[in-house]
Amino acid sequence: MKRNDRSRHFRTMLAHAGRPPRSEHGFVNAPLHRGSTVLFPSVAMREAYRGKALDQALVYGAQGGPTHHALEDVVAAIEGGTRSQIVSTGVAAVTTALFAYLRSGDHCLMPDGVYGPTRRFCETIARDMGIETTYYRPGLDASGVERLMTPRTRVIFAESPASHTMEMQDVSMLAGVAHGHGARLILDNTWGLHFFQPFEHGVDCSVQAATKYIAGHSDVMLGAITVATDADWERVRRAALVLGHYASPDDCWLALRGARTLAIRLETHMRSGLAVAAWLRDRPEIAAVLHPGLPGAPGHDLWRRDFTGACGLFTVAFGASFGPAEVDAFADALELFGIGASWGGFESLVLPTSASITRTAGALPHPGVLCRFHVGLEDPLDLIADLEQALARISSATRSAGHEGA
Ligand SMILES: *Cc1c(COP(=O)(O)O)cnc(C)c1O
């Protein structure tokens with residue numbers, strides 16, 4: 001069932017994967033097919049197709065059409081899997097993957113730094129269905145993870161690095177523990193994208209918020225679930241169909257357009273992100289930069305071992321002079337960084353995050369106030385100048401407030 005040619009390089013694959021067959025009138029791009037009903041020339045022909053939903057046969061709109069399947073081929077190639085299922089959002093990709101592998105009475109392990117809505121699913125619908133979740137410290141070693149495994153543990157989940165606190169997990173180690181207990185390893189690979197090849201590290205099922213870099217232009221919501229084996233495909237595809245997942249083909253078409261430039265965008269996000277992170281590291285207001293791709297930063301050794309690159313998302317911890325109010329004022333003072341959720345678009349973002357993070361298995365990675373940055377495609381010199389003016393403005397306000405108080 002190997003559908004993607006992995007002999008070519010990333011950029012070449014992005015330019016050629018999921019392109020239409022010759023039957024599409026010769027146009028370069030995949031066509032946009034909208035549709036609910038699919039017509040058949042005879043009842044017998046329809047019957048012959050009906051049992052083939054797992055094979056992406058075109059039977060009914062809800063099972064996806066040519067535009068979906070073109071994007072699915074591209075996403076599977078990006079992650080080095082064999083097949084991918086597109087769903088409406090990244091959150092839907094996470095929950096569908098969990099529904100695919102977990103049943104009532106099962107137990108799963110989640111990293112304590114996991115994306116908030118993933119934790120919310122575990123604490124609401126999953127818990128109500130009798131699925132129990134234990135949160136593990138992201139840095140836990142193999143024997144620590146082993147101790148959390150129970151005979152009912154069916155899934156270990158990883159998100160490496162965690163998208164707010166940037167804590168790395170040793171995915172290969174987690175795969176070894178999971179498989180030793182007959183469990184599956186699901187990874188939220190939104191940060192790692194192509195830079196972390198999940199199936200080379202024992203991951204069974206990889207989820208992506210395609211909303212982020214794959215779409216890349218802050219104008220689309222989409223999720224993807226990618227697998228490497230027929231057995232995993234059957235579970236995931238069945239869960240998505242039974243739950244009634246669907247994504248707009250218009251959005252898939254936009255994501256396909258975005259994916260063609262993914263490699264060159266990522267190169268710039270990485271380079272500019274590292275430049276901005278290194279500049280922040282040397283600022284007196286900043287106590288720590290949490291960017292796994294930055295030498296000396298937490299998780300850098302694991303990143304060097306397993307990743308071939310980094311995206312533009314990282315977090316900083318402010319020093320004691322910047323409390324929550326000063327960090328909020330700093331974010332407000334920035335002119336080029338938008339304040340808002342999500343990331344992976346062409347534009348830079350900032351988000352003070354400490355207040356919205358829940359931890360139950362240990363402390364946050366740093367005692368300082370955390371603030372997350374997405375470094376976009378602007379010139380990094382302008383971004384650094386903007387950071388400098390905002391830091392200077394808040395530092396001087398803090399100093400004069402200190403004098404008044406003294
Ligand atoms: C944004 C995000 C998601 C959810 O994606 P949406 O498309 O916004 O639903 C899931 N996981 C991670 C790590 C994310 O950053």
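This is a predicted model: local features need pLDDT of at least 70, side-chain atom pairs count only at pLDDT 80 or more; totals for chains, interfaces and linings use all residues.
**Exercise 1. Determine how the chain is divided into domains and how the two parts are placed**.

Step 1. The domain assignment places residues 10-259 in domain 1 and residues 263-405 in domain 2.

Step 2. Taken over C-alpha atoms, the centres of domain 1 and domain 2 lie 29 Å apart.

Step 3. Domain 1 contributes 39 residues to the contact, and domain 2 contributes 42 residues.

**Exercise 2. Describe the area buried between domain 1 and domain 2, and state which residues of domain 1 lose the most area**.

Step 1. The size of an interface is often expressed as the accessible area lost when the parts come together.

Step 2. Between domain 1 and domain 2 this area is about 3300 Å², with 61% given by carbon and sulfur atoms.

Step 3. On the side of domain 1, the residues that lose the most area to domain 2 are W191, F195 and Y213; together they account for 27% of what that side buries.

**Exercise 3. Characterise the polar and charged pairs across the interface, and then the make-up of the side of domain 1**.

Step 1. Side chains of opposite charge can pair when their charged atoms come close.

Step 2. Four salt bridges are counted between domain 1 and domain 2.

Step 3. R11 and E267 form a salt bridge, their closest N and O atoms being 3.1 Å apart; this lies inside the 4 Å cut-off.

Step 4. Elements giving two or more residues to the side of domain 1 that touches domain 2 are α1 (10-16), β3 (132-136) and α9 (249-259). The largest share, three residues, comes from α1.

Step 5. By class, this side of domain 1 has 16 nonpolar, 16 polar and seven charged residues.

**Exercise 4. Identify the surroundings of the ligand and the atoms that approach it**.

Step 1. The ligand is surrounded by 13 residues, of which G90, V91, D188, T211 and K212 are the closest.

Step 2. A polar backbone atom of G90 is 2.8 Å from an oxygen atom of the ligand.

Step 3. For D188, an N or O atom in the side chain is 2.6 Å from a nitrogen atom of the ligand.

Step 4. For T211, an N or O atom in the side chain is 2.5 Å from an oxygen atom of the ligand.

**Exercise 5. Relate the salt bridge between R127 and E123 to the helix that holds both residues**.

Step 1. The count of salt bridges comes to 15.

Step 2. In the salt bridge of R127 with E123, the closest N and O atoms are 2.5 Å apart.

Step 3. R127 and E123 are separated by about one helical turn, because they are four residues apart in helix α5 (residues 116-128).

Conventions. Residues are numbered from 1 along each chain as its sequence is written. Side-chain values use heavy atoms; hydrogens and water are left out. Domain bounds come from an automatic or database domain assignment. Contact means heavy atoms within 4.5 Å. Buried area is the accessible area (1.4 Å probe) that two parts lose on being put together, summed over both. A salt bridge is a side-chain nitrogen of Lys or Arg within 4 Å of a carboxyl oxygen of Asp or Glu. A polar contact is a pair of N or O atoms within 3.5 Å; within protein, one must be able to donate a hydrogen and the other to accept it, and residues adjacent in sequence count only if both atoms are side-chain atoms. Ala, Val, Leu, Ile, Met, Phe, Trp, Tyr, Cys and Pro count as nonpolar, Asp, Glu, Lys and Arg as charged, and the others, Gly among them, as polar. A residue is near a molecule or strand if one of its heavy atoms lies within 4 Å of it.
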